[in-house]
Amino acid sequence: MNIDLYLTQAFAQHALLAGGLVAIACGLIGPFVVSRGMAFAVHGTSELAFTGAAAGLLVAGSPVLGAFVGALVVATVFGTLGTKERERDSSIGVILAFGLGLGVLFLSYYHGFATQATNILFGNIFGVSTDQLLVLVTVAIGVLVAMGIIYRPLLFASVDPEVAEAKGVPVRTLGIVFLFILALTVTSAAQVVGTLLVLSLAITPAAAAQRLATKPSSITLLSVLFACTASISGILLSLMSGTVKPSIFVTAISFAIYVCARLVGTRPQSIARE
Amino acid sequence: MTKNKTLVELQSATLTRGNHELWRDLDIAITAGEFIAVLGPNGAGKTSLLKVLLGLVPLTDGSVRIDGKPAERGNRQIGYIPQQKNFDATLPIRGRDLVSLGVTGNRYGFGGGHQTARQVNHAIKAVGASRYASQPIGLLSGGEQQRLRIAQALAGQPELLLCDEPLLSLDLTSQGMVTALLDGYRREKNAAIIFVTHEINPVLPYVDRILYFAHGRWVIDTPERVLQSKTLSELYGTQVDVLRIHDRVLVVGAEDEALTEAGAHHSHKGDIRDEH
């Protein structure tokens, strides 16, 4: 298909813009998701966005509103249930199972078109409306600004919590703030690209970046770059193919970048000693 | 000789955790330039004392002042070395990032710049860690990580150093290196050091006074006076013998393995915490 023709279309432009914004936000939080061991929290919040969307659809007729309110509830629950990694993961598992069940229940009481709720699970990047785009722009800018402000204390709290606390960094509060940033990012991303893609944009690029760089700022930069590359080129390839969904390309490219990073990674995995 | 100022002052300080009283009516004054070793069995409240000085744990009763001001979080006069614990190998920071975070990690927003970089480089050089400071911290040996921890604590030029078991799980050479680095800084800057430890022998040559906790009681005095069978027997309320073998001190009868030979440290794994 002629890609030039597609690029003049509003739906394709929206998709590329949305994909790019989501990738920037996901790429930014990715290194912290990895270093704080929160991959499962990403998975949990992204799937629970479905429950929020279903509830929003049923109560207010708005899946978007539901998903965002749901994300805030989920972040609060995760934040209060436990801060230690192992404890946190089991409580996320508990909430996730219960929440998904609740989502199916909500949906069974809803007698309209449920496509909007199921779109949260699988995403529909070629159906991004101007309103959704506006939400994404807001979230992406919000994440960018918030991460810029808390970047250093959050890094300190993530890698060296004891000294950070002694130096006056509010370690626990920052953890909860990050949880909210994560929930907002993941929910807005899930609406557009689906749960599947959120994982491959919030975790895989950061994991790949860590294989290639040792400096924290370089890791973050590479993570954003990889996420954008996977997202944009995935959408373009999907447009060209005409039949294959962008999710498939994005996850494949993201994974390919990760494999390459593992193969060519220059970051030492151990230090040779005599 | 100039009169040294009082850096730490505890008056009638009492700390209770739950229903358990850790220590009561602690009255101590620590002056600039002093090296204080804090000893005692597990759970006696040694780590908690450091947390009180850091402003992280409030006293149940009494008062604590750091350089004349009430203890508060984020005091820039204090350098802190937490219990020795190895960094995870996958942690996305280098040694120099750890040091740098110790200087600017509590600041929000961007900035920092050249002055921080100079300060960080200087601190890394001072502990002799320049060669491996740009490696991921989790890949360094325990001794190398501890050198960088010291650089982190010293980079801010603190007047008071709080060290929580900094020798734990280090080999003898590294133990000697750590204590020598800290003592060198103390002499150069006339800083005070409060050094929580299980093993008195590696620090004995440097120590001015020992603060010894046991069973809610405490004693603070010179090593010669504290490390006496009579003093420790009274503190523990049971027969405790202090033996001197060459220049090493061995305490027998305290239910804890505290104060045993430095070589016996392998019984402490890095992840065993003193108290919570």
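Predicted model: local features only at pLDDT ≥ 70, side-chain atom pairs only at ≥ 80, totals over all residues.
**Figure 1. Crossing of helices α3 and α4 in chain B.** The axes of helix α3 (residues 113-126) of chain B and helix α4 (residues 142-155) of chain B come within 9 Å and cross at roughly 135°. The crossing of α3(B) and α4(B) is right-handed. From α3(B), the contact takes in Gln119(B), Val120(B), Ala123(B), Ile124(B) and Ala126(B), and from α4(B), Ala151(B), Leu154(B) and Ala155(B). Seven residues of this contact are nonpolar, one is polar and none is charged.

**Figure 2. Crossing of helices α10 and α11 in chain A.** Two packed helices are described by the angle between their axes and the distance between the axes. For helix α10 (residues 204-212) of chain A and helix α11 (residues 216-241) of chain A, the axes cross at roughly 135° and come within 8 Å. The two helices, α10(A) and α11(A), are therefore oblique to each other. Their crossing is right-handed. On the α10(A) side, the contact is made by Pro205(A), Ala206(A), Ala208(A), Ala209(A), Gln210(A) and Leu212(A). On the α11(A) side, the contact residues are Ile219(A), Leu222(A), Ser223(A), Phe226(A), Ala227(A) and Ala230(A). Ten residues of the contact between α10(A) and α11(A) are nonpolar, two are polar and none is charged.

**Figure 3. The six-stranded open sheet of chain B.** The strands of this sheet lie in the order β6-β7-β8-β3-β9-β10 (chain B), and their pairing is mixed. At the edges are β6 and β10 (217-221) of chain B, each of which pairs on one side only. On average, neighbouring strands of the sheet are turned by 15° against each other, direction ignored.

Figure 4. Strand β6(B) runs parallel to strand β7 (residues 160-164) of chain B, and four bridges join them.

**Figure 5. Pairing of strands β7 and β8 in chain B.** Five bridges link β7(B) with strand β8 (residues 192-196) of chain B, and the pairing is parallel. Asp164(B) has Val196(B) in β8(B) as its bridge partner.

Conventions:
Residues numbered from 1 in each chain as written. Chains lettered and ligands numbered in written order. Axes fitted to C-alpha atoms, helices over the stretch in contact; angles between N-to-C directions. Parallel < 35°, antiparallel > 145°, perpendicular 65-115°, else oblique. Left-handed = near helix turned anticlockwise from the far one by under 90°. Contact = placed C-beta atoms within 7 Å. Nonpolar A, V, L, I, M, F, W, Y, C, P; charged D, E, K, R; others polar. Pairing = 2+ DSSP bridges.
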